[in-house]
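The following report describes a single protein chain for a reader who has the sequence and the coordinates at hand.

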Amino acid sequence: MAAARDSLSRTMSARTTSPEGGSRPHPVTTADGHVLAADLFLPSSGAVTHAVLIAPAMAVSRRYYRAFAAYLAEGGAAVLVPDYRGVGGSGNARTPSTLVTWGEQDLRASAAALRALHPDAPLLYVGHSAGGQLFGLAEVETFAGVLLVASGSGYWGHYAGTARLAMWTLWHLAMPLAVWLWGYLPMQRFRQGEDVPKGVALQWARWGRHPRYVGAHADANGGLGYAGFTGPLRSYAIADDSYAPPRAVAALVALYPNAASEVCALEPAALGVTHLGHFAFFLRAFRDPLWIDARAWLQARAGLEPVADERSTAG
């Protein structure tokens, strides 16, 4: 887990020292009246041809995705990136919430806001880590395709060696104890991103103790969108991702049994780097080839011809 922790520290530093422009605030009001901070990215020229909702990872601010969202907008997309309630600009860690609330309220409201802005544009979904886990809680039938990055089941049994022991300890002991001590999950204290509300952390731990993870919640509620999504789903499995190892990625994809799914393995060595991990996909350094590939896939799911990458054509 140390490699992932170091990656988060490095990438958060990169985010704060070199922010990406090209967006404007677009607050989202949920059905239960909570106002979410969100950023909207639009093409600098030309019409909007498709719309993309980016669902962040656990404890990660929407601002982390600015460069990637701006890149998608260059290809004709309207891109909305919200903060879940209790994270970033959408409150604080004392805000009452659960993972189910993030999916059923926050993501549904964000998708509805994006549809209202561009009702004729195909709607697509990009989920990073927890954002992919929560997709089945959104109104999945409205999406033309879903792209998951470093999204895996958090069940401790999907991990190996010392990571398995670490995850078992996290879900059974460490996380409940931290919430009891602080009243929320103090991720900032441990340099793991934004602090997380108590209800989110405790539900996350319960899911992590169950072999079906979020599937246990879905099974008890008729399968929800996990069973209901029948569209295309691509999941990137990163070989050196200690948070979402390939076995965990495969287990999460299996929770969407009726999707037209594919798992794409990413090897750091094939990209000319020694480490990729859980967070680096969204760094500008991986625009070529990862962002190019992801944007082309989203555009194709929207029924579009992929827009040429500007930097590649110039060079």
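## Serine 129 and its surroundings

Not counting residues up to four places away in sequence, serine 129 touches Ala57, Val149, Ala150, Ser151 and His278, where a contact means heavy atoms within 4.5 Å. Serine 129 is placed in the loop between β7 (123-128) and α4 (130-133); helices (H or I, at least four residues) and strands (E, at least two) are DSSP runs, numbered from the N terminus. At 11% relative accessibility, serine 129 counts as buried, because the term covers anything under 20% relative accessible area, with exposed meaning over 50% and partly exposed in between (1.4 Å probe, protein chains only).

Most residues other than glycine have a negative phi, and most peptide bonds are trans. Serine 129, although not a glycine, has a positive phi near 55°. Alanine 59 likewise has a positive phi, near 65°; alanine 59 lies in the loop between β5 and α2 (66-74) and is buried, with a relative accessible area of 1%.

## Basis and confidence of the model

This is a predicted model, in which local features need pLDDT of at least 70 and side-chain atom pairs count only at pLDDT 80 or more, while totals for chains, interfaces and linings use all residues. Residues are numbered from 1 along each chain as its sequence is written, and side-chain values use heavy atoms, with hydrogens and water left out.

The chain averages a pLDDT of 92, and 91% of the residues score at least 70; pLDDT is the predictor's confidence in each residue, from 0 to 100. Over residues 1-21, pLDDT stays under 50, and for this stretch the model has 41 contacts beyond four places in sequence.

## Strand pairing

Strand β4 (residues 38-41) directs Ala38 and Leu40 one way and Asp39 and Phe41 the other way, and all of them are buried. Two strands are taken to pair if DSSP finds at least two bridges between them. Strand β1 (residues 23-25) runs antiparallel to β4 and is joined to it by 3 bridges, with serine 23 having phenylalanine 41 as its bridge partner in β4. Strand β6 (residues 77-82) also pairs with β4 in the antiparallel sense, over 4 bridges, and there the partner of phenylalanine 41 is valine 79.

Between β5 and β6, by contrast, the 4 bridges join strands that run parallel, and histidine 50 stands opposite alanine 77 in β6. Strand β5 (residues 50-55) has 6 of its 6 residues buried: His50, Val52 and Ile54 point one way, and Ala51, Leu53 and Ala55 the other.

Tyrosine 236 belongs to strand β9 (residues 232-238) and is buried, with a relative accessible area of 1%. Leaving aside neighbours within four places in sequence, the contacts of tyrosine 236 include Leu147, Val149, Ala150, Cys264, Phe281 and Ala294.

## Nonpolar cores

A nonpolar core is here a set of buried Ala, Val, Leu, Ile, Met, Phe, Trp, Tyr and Cys residues joined through side-chain atoms within 4.5 Å. In the largest core, of 59 residues, Met58 and Leu185 touch the most other members, and helix α3 (residues 99-117) supplies the largest share, 8 residues. Apart from this core lies another, of 39 residues, among them Ile54, Tyr64, Ala70 and Trp297.

Setting aside neighbours within four places in sequence, methionine 58 is in contact with Leu99, Trp102, Ala130, Val196, Val200 and Trp204.

The 22 residues of helix α5 (residues 161-182) should span 32 Å at 1.5 Å a residue, and the end C-alpha atoms are 30 Å apart, which agrees; the expected span is 1.5 Å times one less than the number of residues. Helix α5 bends by about 55° at leucine 170, the bend being the angle between axes fitted to the seven residues ending there and the seven starting there. Ala163, Met167, Trp171, Met175, Ala178 and Val179 of α5 are buried, and what covers the buried residues of α5 includes α6 (198-208). Just after α5, glycine 183 takes a positive phi of about 85°.

Helix α10 (residues 287-301) has 15 residues and reaches 20 Å from its first C-alpha to its last, close to the 21 Å expected. The buried residues of α10 include Leu290, Trp291, Ala294, Trp297 and Leu298.
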